[in-house]
Amino acid sequence: MVQAVAVLAFAIRAQAEIRVSPAAVVLEGPESSQQLLAWSRPIDGRVRDATRSVQYEAADPRVASVDADGLVLPLSEGKTEISIRSAEGAARVPVEVIGMVRPKPIVFDLQVIPTLTKAGCNAGGCHGKAEGQNGFKLSVFGSNSHADWDALVKEGRGRRLFPAAPERSLLLVKATAEMPHGGGQRIDAGSLGYRRLRRWIAEGARFDGGGASPIAGIEVEPAQQILLAGETQQLRVTAVDAAGARRCVTVEADYESNAATIADVTRRGLIQAAEIPGEAAILVRYLGHVAVCRVTIPRPGVQFVRPPEANFIDRLAWDKLQRLGIKPSDLAGDAVFLRRAHLDVIGTLPSVEEAREFLADASADKRARLIDRLLARDEYADYWAMRFSDLLRVDRDRVTAPGAIATTRWLHRQFAENRSFDEFARQVVTAQGSVAGDGPAAFYRVLDTPDALARSISQLFLGVRIECAQCHHHPSERWGQDDYYALAGFFTGVTRKNLPTGQMAIFSRVGSDLPHPRDGRIVAARALGAAPAEFSNVPDRRTVLADWMTAPDNPFFAAAISNRLWAHYFGRGLVEPIDDLRATNPATNEPLLSALADHLREVRFDLKAFTRTLMNSRLYQLSSQSDESNASDEQNFSHAAWKALPAEVLLDAIVEVAQSPEKFDGWPLGYRAIQIWDNRMPSYFFQIFGRPVRASVCECERSNEPSISQALHLMNSPEISAKLRDRRGRVRRLADSALTPSEIVDELCLAALSRFPDDRERTVLLSAFDNGADRRAAVEDALWTLVNSKEFLYNH
Amino acid sequence: MRHEMHRSDQPCRERITRRRMLHVGGSGLLAGLSLPRLMELEALASTGEQAKAQACIFLFLEGGPSTIDMWDMKPEAPIEIRGPFRPIASSVPGTFVGEHCPLSARIAHKFTILRSHSHTDNGHSTGYHYLMTGYKPDFADGETRVPNNVLYPSIGSIVSRELGRRTSVPPYINLPHPMRGGGPGFYGSRFAPFVIESDPVQPDFEVKDLRLVEGVSRERLDRRRRMLDAFEQRDTGRPASGRAEAMATYYEKAHTLITSPEARKAFDIQAESESTRARYGHTSLGQCALLARRLVQGGCRFVGIDHSGWDSHFTIFPSLEKDMLPHADRAFSALVEDLDERGMLDSTLVVMMGEMGRTPRVNAAAGRDHWSMAQSVIFAGGGVKPGQVLGATDKQAAYPVTDPVSIQDILRTLFQQLGIDTTKTYLTPLGRPVPIVNGGRIIPGLV
């Protein structure tokens, strides 16, 4: 009996309901529209989009119409109902149409601008270019509505608009390509956009008709969805104004996919999943507001077995891989882990002795202990000072040799003493004193305008690239010119003074707010997304910025450095480019990035503690060997990445393996490449292997692209050859020793690859000694082989 | 995911070739046998269409040449447009060129001026990319680092992929430094240019690391390489990452370069007589053009010469008169005549252009600014009908008054002359189809 009731209840529910959103529709004004979304019953816990497979019918076709795509349009004032039917059931949505008899006048910047944006008129390649297009210039993406209004209404000798016969306006006949238009047809005659432009002209092309209120944000439904290959999903976009009023802008918004080959999106907001498993973020833009819908296309039919979890990183990484149906690789072997950990933490190969010892160690916690040992090594500070010298632009030509030395030394001490990163950032942001003194003041010599500082500090510490907003509203972010000049306002008190010593000193004076470049209006200094800063009794404005930046609730700071470190250890950022964090460029694993940021705050920005957590995760210790299921995965960390060695690290590695030191011009013998502060020291090796010139705060300056010149140099250059045959080098020592060829090959392999050769490899390397070959030549050839192997040239 | 790249709707030839090539790529390119196999496959990939040109020398005047002062003079225009230079008669009756291109004027019957090239990208790095690929870039002007998979392959990389190597000389070479828009894009580093990072005008010019190291004979290098091949076979069947795999392909190319006498001969500009070197001019562009001729003789398919310094926003005329024009005039005319005398002009297409032209109106700083709406492009050899002027611009050389010729038109024509099947399409690593050339038509009257 109980069972029968349950079956009956299910039947009734199935018969009665298909889910439709929204539950009720109000359409206001002739150009309004409402997208309906219809959903299937859940199958395997997944609800599918049925918007284009159900039937729609308007009860009173005089009041509203509805098309097969679920778009409701107003026809006349009144009330009616849309009925929705499918094999699964039925639903009804009440519709009310208002504002048709006496529509509210059109507001230029809220209604005309988005129409032009959607049609692409103000895109950077068309009329939005700095010089406009064929004499007609619009601000890019409608960032300056007053100028656009002037351009349409007043310029072009008034030909662009013709209120007496709106449809004869140049704006409309060009946009519809009725008259030849270089940009082709952008708007269909009769479309909503067309009718809106025509009504706006007919109403007298007013700037502010008072008929709409500014919107506070947009919402997209669904915000995430799992699709199978080939499936589609209609989006619904709703604009919400400050008073909470909602209207549908699905047909007016702009759509863009960050991975069109995985899931593309049409102008109507219809997502189309392709055949390839993966993830895509669909970016929705409307009037400077952005929203994102994340789409996942899982690999079908994968039996996912969750590997053990060492910490939260593994849990969140497995969650993601499970959702996508990608298997993680096995744990890397000890030798691979040893080499990887050394190269990542200290930019230095393990020595032969270290490798022997680690491989022989049978204790269970040897990996964790190795991580601790590496973080305590002196080379940790060398290596990380070098990496941050790139970011802080320690360029000898810009800051002079004493400035470069001072900054490098300061950086070295920060990492040696494990300065917490919030304190580190504070010291950089508020640096003062002599450029050659003990501190990062040289940063203010390289970056010598409030503008440049705002841009660079924002990219470096917040992972926010606001440079677009210098000239116009950031096309895919919420930052506008106000935000840009408000941030630059923190640096207006920075003063540079030449000292009698020939050096420069950085001082801080009371700063002032900057004028907006367009209208000269003073923009109060404030941090990104923050309230205007309070400077009373603050001698140095920058301290207020540093406080905001390092506060526990800062939304950018912890995530930005977490992502930067992650990218270093895992070969790719959770967000790429690693310093471009924004809603429209989401992380490949958002929960993981936010957990990392939380963790960093928990450990009080202790970078060593944070690094320990990264490296003790099973994820970090996975093998780089991939299988069919995960070979193509490049963003979910299912296997370790092959990372090119930075130029300096590679040179040090060759030096170490050959035991033949590099003599750097002007440096005592024995200095290592990662210790060289002079980025301008001429070096063919550094040039072809992509040492950055420190021209920007972007890590991307360091190129890791291979080239034929690199191959030529490694296999056939006098320089490398001289290292292999150095009289005091490893090759000569081994060749002249009493060791057997097999023992020699062991040592060479341990030195280059941190492991013993397997039987086949041993045979190959021993063949160098065949037929009474000269022992020195044989050892040299064997080492040449190892140094030129992929396994040596990459950190994997 | 590799197998998913091959969709069943791809043409059969393309599908097989790609799979075979990938197979080769995955199983150790260092194996001695793989090179002939690779060449065979690459030969399969090309179409056997009748080629008029065997090679192309692309003189890229980076920054945007002021072609209104060179090939499209407007003597009737006001002084602020026509500038101070006068037109002079050329060897073709009725064709006039700028007075600072006298050497080219004498051989005007050997090349053709296209005056109606026009596009809408006024940025340097974006315009460069657009011009070299035929696709609008997905990045902002001035941005230097862009993920490979949103980048399109450049002309040289396409030529390299479609025609492959003729000899041990790399099929695609850049000199005297990399061309910013000349990368392989999503084709991958296998089709990247070999960059001669050295300027042949320097007295000590040498392609570094090409000569065998002292004490290492050819036999010993071969032996080492065999050991390396054998050592690396440990990885057979295991796909390495893209970058590591790319390194392997470079090793193969590097080895071929070192060991082949013809390659070293091609790079040896010092083998040219002083009179020949002087004829091209002792300038970067001149010696690059001369080296380009040697490289083509040696088997290179596409030489891209990046000659910068044309972006004259300030006091343009002294710079044009003293440096830019005499250098370009001498280099270009010497190259065309030299190729002609050697019987190579018919099989070598020479193209000279930049990413844009310059504004007709001289600006307040006595310079000319970016102007992509009109640029004259020079074509010679490779089946081009010489001695013509094609297209025309308005009275100010601001806009074409004849059918504008797009960059896609230029690329399609160039590929056709080289015998490349322009209907081919390749898939990006994520599976998006990208045709070799994005539309365009054969430039009417040019060939």
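Two residues count as in contact if their C-beta atoms, placed from the backbone, lie within 7 Å. This is a predicted model, in which local features need pLDDT of at least 70, side-chain atom pairs count only at pLDDT 80 or more, and totals for chains, interfaces and linings use all residues. Residues are numbered from 1 along each chain as its sequence is written, while chains are lettered from A and ligands numbered from 1 in the order in which they are written.

**Stop one: B:Ala289.** Select B:Ala289. Leaving aside residues up to four places away in sequence, B:Ala289 touches B:Leu59, B:Tyr280, B:Ile305, B:Ala331, B:Ala334 and B:Leu335.

**Stop two: the cores.** A nonpolar core is a set of buried Ala, Val, Leu, Ile, Met, Phe, Trp, Tyr and Cys residues joined through C-beta atoms within 7 Å; buried means 20 or more other C-beta atoms within 10 Å of a residue's own. The largest has 260 residues, and B:Ala289 is among those with the most contacts inside it, as are A:Leu783, B:Cys56 and B:Val351. Now select helix H12 of chain B (316–341), which gives the most to this core, 11 residues. Helices are DSSP runs of H or I, at least four residues, and strands are runs of E, at least two. A second, separate core has 30 residues, including A:Val249 and A:Ile282.

**Stop three: a sheet in chain A.** Follow the order S2-S9-S8-S5: four strands, an open sheet, mixed pairing. Strands pair if DSSP finds at least two bridges between them. S2 (25–28) and S5 (55–58) are the edges. Zoom in on S8 (78–86) and S9 (89–98) of chain A: nine bridges join them, antiparallel. A:Ile82 stands opposite A:Val93 in S9.

Notes: A residue is buried if 20 or more other C-beta atoms lie within 10 Å of its own, exposed if 12 or fewer, and partly exposed in between; C-beta atoms are placed from the backbone.
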